[in-house]
Amino acid sequence: MAAAALIVGWSQQWALPVIAALSVAVSAYAAFQVPVWCGALNRDGRTYCRDNAYGVLMGCKRRQHRWQKMKMIVMRSKAGDLSRALFPTAKEKFNAFLAVGGLLSAVAAVIVPVVTG
Ligand SMILES: [Zn+2]
């Protein structure tokens, strides 16, 4: 919903502060609110947790899984594992795209007035 409003906002040239606020809302939603799979590595080392989690950056109710995702994000030592954990399905890829896109849009809304004067 917010993402759609964001696209309309850009194409209709809404006021940039509105677009910036909307962008932050979209990326915060995707990062911390959207329902996704947890995706943390299970104890067997081969499968990924399929419990419900909220936000591409968060894990499920198991504290160990949340820590595991945090650590993966911070350390980035296993980039392959990270992308598999964060984006196991097309839907998760889309959510991550929203998170990144919202952030880029927010940055653009701040930079555009600086560049165009
Ligand atoms: Zn989990």
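Trainee: How far apart do the end C-alpha atoms of residues 14-38 lie?

Mentor: Good place to start, and keep in mind that this is a predicted model. The UniProt annotation "transmembrane region", from an unreviewed entry, covers residues 14-38. In the model that span is 68% helix and 12% strand. Its end C-alpha atoms lie apart by 36 Å.

Trainee: UniProt's "transmembrane region" annotation also covers residues 94-115. What percentage of residues 94-115 is helix?

Mentor: Here the end C-alpha atoms lie 29 Å apart.

Trainee: Which residues are the protein donors of the zinc ion?

Mentor: Look for atoms lying 1.9 to 2.4 Å from the zinc ion. Along the chain, the donors follow the spacing C-x10-C-x10-C-x4-H. They are Cys-38 (SG), Cys-49 (SG), Cys-60 (SG) and His-65 (ND1).

Trainee: What is the geometry of the zinc ion's site?

Mentor: There are 4 donor atoms, and the angles among them run from 105 to 116 degrees. Four donors count as tetrahedral if all angles lie between 85 and 135 degrees. The site of the zinc ion is therefore tetrahedral.

Trainee: How many residues apart in sequence are the parts that Cys-38 and Cys-60 tie together?

Mentor: Find Cys-38 in the loop between strand 1 (35-37) and strand 2 (52-54). Cys-60 sits in the loop between strand 2 and helix 3 (63-75). The pair therefore ties together parts whose separation in sequence is 22 residues.

Trainee: Is Cys-49 buried or exposed?

Mentor: Buried means under 20% relative accessible area. Cys-49 has a relative accessibility of 3%, so this cysteine counts as buried.

Trainee: How many disulfides does a search of the whole structure find?

Mentor: A disulfide is a covalent bond between the sulfur atoms of two cysteines. For this model, the search of the whole structure gives a count of 0.

Trainee: Near what value is the phi of Gln-13?

Mentor: Gln-13 lies in the loop between helix 1 and helix 2, and counts as exposed at 69% relative accessibility. Most residues other than glycine have a negative phi. Gln-13 has a positive phi, near 55 degrees.

How values were computed: Residues numbered from 1 in each chain as written. Predicted model: local features only at pLDDT ≥ 70, side-chain atom pairs only at ≥ 80, totals over all residues. Heavy atoms only, no water. Donors = N, O, S within 2.8 Å, 3.2 Å for Na, K, Ca; no water. Tetrahedral: all angles 85-135°; square planar, octahedral: opposite > 155°, others 65-115°. Helix = DSSP H or I, 4+ residues; strand = E, 2+ residues; numbered from the N terminus. UniProt positions renumbered as here; feature names shortened; annotations may be inferred. Disulfide = S-S within 2.5 Å. Buried < 20%, exposed > 50% of the residue type's maximum accessible area, 1.4 Å probe, protein only.
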